[in-house]
Amino acid sequence: MSRNFYNYDPTVDILQPPLIPDVILKSNLKELTLPTGNQVLESLPLTAWFHRTRSNIISHLTRYEAEWETQKSAARNELHSVKSYLKGNIFNDARELYALPETNILTICAYFAGRIITNRKNWGVSAATLQSVKSSVHRPSLMARVCTSIPSKMVLPWAMAGAVFKELAPTAFDNTITSLESDILDPGFVAQYKTLWRDYYTNGAKKASIEAAELLEGKLQGYIGFARNFIIYSTR
């Protein structure tokens with residue numbers, strides 16, 4: 001509507017309803033009058049959708065927060081259980097527990113030393129060198145081929161780390177083996193490998209080496225006694 005510059009009444013425009021057909025006002029729209037006198041339209045489906053979305057977001061956030069707190073509590077309890085188990089069953093020697101940082105560092109160094117030993121590049125060996133049979137000069141040595149073989153790469157680093165750990169923390173090493181046998185490995189497998197270890201190592205290689213050492217020691221003592229008696233009788 002046109003305005004009269006001298007006789008303008010602002011309430012006329014403010015109180016006048018919006019120019020919207022009645023059919024739209026009756027289709028899920030709500031007319032509201034603000035405290036300032038302005039009239040606005042509210043879409044009831046859109047308002048309901050925003051309300052549901054807000055409620056769903058709040059519900060999901062609350063559930064995720066509760067689940068997160070539950071997982072944090074479970075992780076703390078699990079970590080506490082692991083620490084208690086390790087301290088009570090593995091590292092129960094105060095001296096070894098005090099020196100554990102140095103032991104771990106040296107064990108890691110031994111592992112990486114094994115990785116260095118089994119690396120082909122450190123022996124000057126490459127795939128082309130292994131395939132080359134033209135000249136014996138380019139052939140890798142037996143030691144290089146043994147150290148760079150796949151079994152050596154898998155076993156040697158762990159064997160060196162285990163040897164260092166056993167030397168520096170023998171009680172913890174024995175407790176680790178005992179815990180593995182009783183809590184992790186299958187009892188049938190444990191019984192089988194213990195039988196093989198006893199037959200082939202304890203009663204086999206180890207017993208033979210002990211007998212050979214005793215025999216060699218006895219012969220050496222006999223030779224030493226014979227040489228001493230020979231020297232004594234010769235100097236008379």
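This is a predicted model: local features need pLDDT of at least 70, side-chain atom pairs count only at pLDDT 80 or more; totals for chains, interfaces and linings use all residues.

Modeller: Residues are numbered from 1 along each chain as its sequence is written, and side-chain values use heavy atoms, with hydrogens and water left out.

The chain has 10 helices and two strands; helices (H or I, at least four residues) and strands (E, at least two) are DSSP runs, numbered from the N terminus. Their order along the sequence is α-α-β-β-α-α-α-α-α-α-α-α. Of the 236 residues, 12% are buried, where buried means under 20% relative accessible area, exposed over 50% and partly exposed in between, with a 1.4 Å probe and protein chains only. Among contacts with a separation of 6 or more, 48% are between residues 24 or more positions apart; contact means heavy atoms within 4.5 Å.

The part to look at is helix α9, residues 170–184. Helix α8, residues 150–168, packs on α9 at an angle of about 120°, with the axes 5 Å apart. Axes are lines fitted to C-alpha atoms, for helices over the stretch in contact, and angles run from 0 to 180 degrees between N-to-C directions. The two helices are therefore oblique to each other: angles under 35 degrees count as roughly parallel, over 145 as roughly antiparallel, 65 to 115 as roughly perpendicular and the rest as oblique.

On the α8 side, the contact uses Gly162, Phe165, Lys166, Glu167 and Leu168, and on the α9 side Pro170, Ala172 and Phe173. By class, these are five nonpolar, one polar and two charged residues. Here Ala, Val, Leu, Ile, Met, Phe, Trp, Tyr, Cys and Pro count as nonpolar, Asp, Glu, Lys and Arg as charged, and the others, Gly among them, as polar.

Phe173, in α9, touches Gly162, Phe165 and Lys166, leaving aside residues up to four places away in sequence. Phe173 counts as partly exposed because its relative accessibility is 21%. From Phe173 to Ala163 is 10 residues in sequence and 9.5 Å in space, C-alpha to C-alpha.

Tyr85, Asn89 and Ile90 of α3 meet Ala172, Asn175, Thr176, Ser179 and Asp183 of α9. This contact has three nonpolar, four polar and one charged residues. Ala172 is listed in the contact with α8 and also in the contact with α3.

In the model, residues 146–165 are 90% helix and 0% strand, with the end C-alpha atoms 24 Å apart. Residues 97–113 are 94% helix and 0% strand, and their end C-alpha atoms lie 24 Å apart.
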